[in-house]
Amino acid sequence: MMFFRKHAPDALEDASSGMRSQAKGSIRLRSFLILLFVPIIILMMISVSLLVHVNSSISKHTSNLSKETVQKILYAQRSFVNLESLRSALSTLATTPGLANARSAYIDAFALLSESSIDRHESMKAETMLLLSKIRTVWLERQKLETERDVIYREWKIFHGFGLMTYLLSGNTGNEAGGFPAVMRGNERIDIVEAKVDLLSSLAHKIYADIHQSCTHPVLSENLKNACDGFTRSYERLNRQFSTLKASNQKFQARLDDMEESTSKLSRLFIEIESQDILKDVGVINQLADQLQPIVGTFTVVILLICAVLILGFMMLLRPLRAISIAIERFEQTLRVPDRIIHSPILELSQISEWLTVLFKRFAKEQSRSKELFSSYRSLLWTSSHDALTGLANRYALQNFINTTPVAPARLGLMMVDIDFFKRINDTRGHLFGDKVLQAAAHTLKAAVSESDEVFRYGGEEFCVICPDVSDENLRKIAARLLKAVRHISRDTAELHEDEAENPLTISIGCARVNLMPGAQSIESMIAAADEALYRAKQRGRNRAETAPLSTADAPQP
Ligand SMILES: Nc1nc2c(ncn2[C@@H]2O[C@H](COP(=O)(O)OP(=O)(O)OP(=O)(O)O)[C@@H](O)[C@H]2O)c(=O)[nH]1
């Protein structure tokens, strides 16, 4: 912060004033988060507690109702069984021979009807009471029928006695004689069914008609006459009794029908009421489930709304952050400063964007400044290591090379080159011309060696050529090439000719090679050896190259 205040007060001022103006329409991140999350949390808590409350109350209600419904179904099942038992008991009461069986059926029917499972509905109580009274009536009728049947039984026996007496007194013998009806023999109980009454009635009529023929004789004995009278009276009484029984039978049948109808009605009513009751419970359960649906729907809508708000909120946070990240990445790649990174209603994000823009500008400025510095540095470095006149690497560069290469590589070759009679050029043509000759010689030497070789201006009109990887023979060839190349420069004009100049510039070369000298060689010792060879070349007439067999410094002692 201090750095920027110190170096870019103007930019900071701009940014600060921009941020102050932005603060008016912006909202702080903390406030934004509070505004986003607090209502959501409150809404969610309300929704969840509401849902839990409603759900538990509905579940409780539904569970109770379900229990009740199951209870009702069980009641209904038991009642159906009871109703079936009632029907069976009533059938026994109506049709089973013997009063003892009928009484027991009557008691059963009464007990079944009194059970609460059937009459637990108020609306069925009246019907139940009515059926109870009808059952009682049927039972009374049944008893009455039994009494009347007993009367018929007794009358039948009297009729049977008088008939037998009449039959015997009229001259017949034995029970079997005269086709006395077999029924007269027995004392079987007479069934109360109407068809049997009719049958007995017609049978009695037939018996009476058959036996009474004997009574129609004009002369009857006193005994026979009395027997006939008794037979006729008993027949008449029996007939009357048959009529009574028939009427009672009809009445009984009517009572039975009535009771049957009442029973059916009670069954129907019971089924109707029970079904309605169970259906009502099921309806209530459905209603409760229906009540839950809008609550679940509302809850779903609330959750969706919350999700939408959250997504919106996160987009408002994440999109600017992503934009900032992209802006930083782009700036890192292109160094182009965007006018504006983001526009966010959230104050902190907006401020980050502004600060980043300021930082980008500052960074870009610093970057261009350091580029300039680096370029100056490179230029200075080049100047310090190169000769201003010739553009060749200078003595300082050679010294650097010597310092960084304590032991000369095995195939290193080195040449010391000196222009012949250069003093004369200076003296006759002046120093400026001498400089031109130096430049031409330097250019020619540089052009004559390969890329990997380096030409240094050693001092004055003397040069040092270093060939890092060369054989003895090649070193000699290079020296010869240099001698030849320089002769293309005219001493008169300092210009380079296609062919050898008329008054050519010449040089003398002293060569040194590592392998020519035993032991580890330093560059400096090689320079000394090459200087020695150069001296010899000068001595032997110049314009030639001499090779140093051994360095003076490193030469083995004799
Ligand atoms: N024009 C010019 N002359 C220079 C420069 N540096 C050295 N000299 C001159 O080069 C001459 C070197 O002369 P000498 O050392 O006597 O050698 P020479 O005349 O070339 O004779 P030999 O080397 O024996 O062939 C001197 O006159 C220096 O003044 C330079 O940068 N420019």
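Reader: What is the handedness of the crossing of α12 and α13?

Author: This is a predicted model. Helix α12 covers residues 431–448 and helix α13 covers residues 472–486. Their crossing is right-handed.

Reader: Which residues of α13 make the contact with α12?

Author: On the α12 side, the contact uses T444, L445 and A448. Together, the residues of both helices divide into five nonpolar, one polar and one charged. The α13 side supplies R481, L482, A485 and V486.

Reader: Is α12 roughly antiparallel or oblique to α13?

Author: The two helices pack at an angle of about 140°, with axes 9 Å apart. Roughly antiparallel requires an angle over 145 degrees. That makes α12 oblique to α13.

Reader: How is α3 oriented to α4?

Author: Helix α3 spans residues 29–95, and helix α4 spans residues 99–114. They pack at about 155°, with their axes 8 Å apart. The cut-off is over 145 degrees. Therefore α3 is, to α4, roughly antiparallel.

Reader: How many residues surround the ligand?

Author: The closest are F422, K423, N426, D435 and R542. They belong to a surrounding set of 16 residues.

Reader: At what distance does a backbone N or O atom of K423 lie from an oxygen atom of the ligand?

Author: Polar contacts here are pairs of N or O atoms within 3.5 Å. D418 places a polar side-chain atom 3.2 Å from a ligand oxygen. For F421, a polar backbone atom is 2.9 Å from a ligand oxygen. For the K423 backbone atom, the distance is 2.8 Å.

Conventions. Residues numbered from 1 in each chain as written. Predicted model: local features only at pLDDT ≥ 70, side-chain atom pairs only at ≥ 80, totals over all residues. Heavy atoms only, no water. Axes fitted to C-alpha atoms, helices over the stretch in contact; angles between N-to-C directions. Helix = DSSP H or I, 4+ residues; strand = E, 2+ residues; numbered from the N terminus. Parallel < 35°, antiparallel > 145°, perpendicular 65-115°, else oblique. Near = heavy atom within 4 Å. Polar contact = N/O pair within 3.5 Å; in protein donor to acceptor, adjacent residues only side chain to side chain. Left-handed = near helix turned anticlockwise from the far one by under 90°. Contact = heavy atoms within 4.5 Å. Nonpolar A, V, L, I, M, F, W, Y, C, P; charged D, E, K, R; others polar.
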